[in-house]
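Q: I would like to learn how to read a structure from its computed features. Please take one feature at a time.

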Amino acid sequence: MNFKIDVRTLEKELPLIELEGEVDVYTAPQLKQQIINILEDGTKELMVNLTKVDYLDSTALGVLIGGLKRMREVDGNMVLICPSPRIRRVFEITGLDKIFDIYNSEEDAREVMGKEIV
């Protein structure tokens, strides 16, 4: 299994989840738990970096959709960082590119969210 998940906090308490490897039915529960932990801390904004993701299945997409839904229920937002055309294509094919705010770099996403990297 090739999967790694890191969570770091940027300036102004903005959490960033960085994923690496394959996000699938076996690894997506770890992502879901991290999103839940962040929500329980009262955070209303979240960035998820998919730059190092090699593979994303429907379970992973479901976890991301659930996270976005929960964020929006508290008037928050979750944005994705996804420079990979192959992974971004998954979002385009499923129409999820119209639901998620997807950026090519952490800097672009940070700029929109008005936060600085520590």
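This is a predicted model: local features need pLDDT of at least 70, side-chain atom pairs count only at pLDDT 80 or more; totals for chains, interfaces and linings use all residues.

Q: In which strand does L19 lie, and with which residues is L19 in contact?

A: Helices (H or I, at least four residues) and strands (E, at least two) are DSSP runs, numbered from the N terminus. L19 belongs to strand β2. Contact means heavy atoms within 4.5 Å. Leaving aside neighbours within four places in sequence, L19 is in contact with F3, K4, I5, L31, V48, N49, L50, K52 and V53.

Q: How many bridges join β1 to β2, and what is the bridge partner of I5 in β2?

A: Two strands pair if DSSP finds at least two bridges between them. Here β1 (residues 3-10) and β2 (residues 14-23) run antiparallel and are joined by 8 bridges. I5 has L19 as its bridge partner. The hairpin of these strands has 3 residues between them, and K12 there takes a positive phi near 65°.

Q: Where does D75 lie, and is D75 buried or exposed?

A: D75 sits in the loop between α2 (58-73) and β4 (77-81). With a relative accessible area of 71%, D75 is exposed. Its phi is positive, about 60°, although D75 is not a glycine.

Q: Which residues does M71 touch?

A: M71 is found in helix α2 and is buried, with a relative accessible area of 0%. Not counting residues up to four places away in sequence, M71 touches I38, L39, T43, K44, E45, L46, G76, N77 and M78. M71 and I36 are 35 residues apart in sequence, and their C-alpha atoms are 9.9 Å apart.

Q: In which sense do β3 and β4 pair?

A: Strand β3 (residues 45-56) pairs with β4 in the parallel sense over 5 bridges. M78 in β4 is the bridge partner of L46.

Q: What is the order of the elements from the N terminus on?

A: The order is β-β-α-β-α-β-α-β-α, with 4 helices and 5 strands in the protein.

Q: Why does the radius of gyration of the protein agree with a compact globule?

A: The radius is taken over C-alpha atoms, and the globule rule is 2.2 Å times the number of residues to the power 0.38. For 118 residues a compact globule would have a radius near 13 Å, and the protein has 13 Å, which agrees. The C-alpha trace spans about 30 × 25 × 25 Å along its principal axes. Buried residues make up 45% of the 118 residues. Among contacts between residues at least 6 apart in sequence, 66% join residues at least 24 apart.

Methods: Residues are numbered from 1 along each chain as its sequence is written. Side-chain values use heavy atoms; hydrogens and water are left out. Buried means under 20% relative accessible area, exposed over 50%, partly exposed in between (1.4 Å probe, protein chains only).
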